[in-house]
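Reader: Hey, I'm new to this one. Can you walk me through it?
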Amino acid sequence: MVVFIVATMMLLGVGLASYSGGTEDEKEEPELVAEVEEPELEPEPESEPEPEEPKVTDFQNVINSWVWSLKGAKVAVMMYDLDNDVYVGKVNADTSFDSASLYKLVVAYAGYLMREKGEIKGDMYLTGGRTINECLDAAVRSSNSACGEALRRYIGAEKLSEFLTKWGMESTDLYNIRTTAGDMVALLKVMYKHEGLSTKTWAEIQDSMLNQPKSEGLCGEEKICNWRAGLPSGFSSGVKVYDKVGWLSKDGESWELYHDVAILEFPSGQHYAIAVLTSDATLVQIRDLAKKIEQGVK
């Protein structure tokens, strides 16, 4: 029977392999599934701490209280935090005053910038046997009027006007000798950054504003000017006061005009610019403001 079936299948052309389900090679291979490794998860970055708010001390109440105490005096004050780039107190900051000798700081700083660029020569004689270098120093250190006037004329109105515009001193007039507390703080801000000046030149300017020995001048009956009798004398010895005054004296203790502008550097690292312009104020009152400010520094 089996022989008959096989013969029949051969006649019909059906292979034994078909009957038996095919050879081993012809069987379907099982589908291979590739093993996929799970990606390693990167750790989530640690969140950065929120930046601390800058510590800014507001001196508005201190200034208001001090101005109120000067009954009968004409006063303007502006104070600026140089580290945090913010005003921290002001009263009558846009009120115009006769600048007295404050203009000398303006023309001297312009002169230093021009000397740095080679636009003027420091060793050239300017006035009274003094060179430009000597006058740049004397105009600030001892408020030398001959040097201040000579520098103003030598630099010239056009160039000085360019500087005033660049520095934002829109209310300052160097020929009618007028300025404001706001404008003087604008100058101090520029000076603090001292862009365009070498380290050596900036050190010269700082020294002329910090070391100012008493000198002869029209300052009361003794004819001796103590250029640091105002704001600098009100701060403790640890505070560096880079200062320039402008005054017209009555009797050496009270003033027709007393102006004091300064960059303050505290031992704790804070830096401020301050401009105090007054009429009919006393040295004691000016020093009292300095003491109140130091008490408020945190």
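Author: Contact here means heavy atoms within 4.5 Å. This is a predicted model, where local features need pLDDT of at least 70, side-chain atom pairs count only at pLDDT 80 or more, and totals for chains, interfaces and linings use all residues. Residues are numbered from 1 along each chain as its sequence is written, and side-chain values use heavy atoms, with hydrogens and water left out.

Reader: OK, what does Ser208 touch, beyond its neighbours within four places in sequence?
Author: Ser208 is in contact with Asp137, Val140 and Arg141.

Reader: And is Ser208 buried or exposed?
Author: Ser208 counts as buried because its relative accessibility is 0%; buried means under 20% relative accessible area, with a 1.4 Å probe and protein chains only.

Reader: Switching topic: which strands does strand 1 pair with?
Author: Strand 1 runs antiparallel to strand 11 (residues 271-279), joined by eight bridges. Strand 2 (residues 86-91) also pairs with strand 1 in the antiparallel sense, over five bridges. Strands are DSSP runs of E, at least two residues, numbered from the N terminus, and two of them pair if DSSP finds at least two bridges between them.

Reader: Why is strand 1 largely enclosed?
Author: Because seven of the eight residues of strand 1 (residues 74-81) are buried.

Definitions and conventions: Buried means under 20% relative accessible area, exposed over 50%, partly exposed in between (1.4 Å probe, protein chains only). Helices (H or I, at least four residues) and strands (E, at least two) are DSSP runs, numbered from the N terminus.
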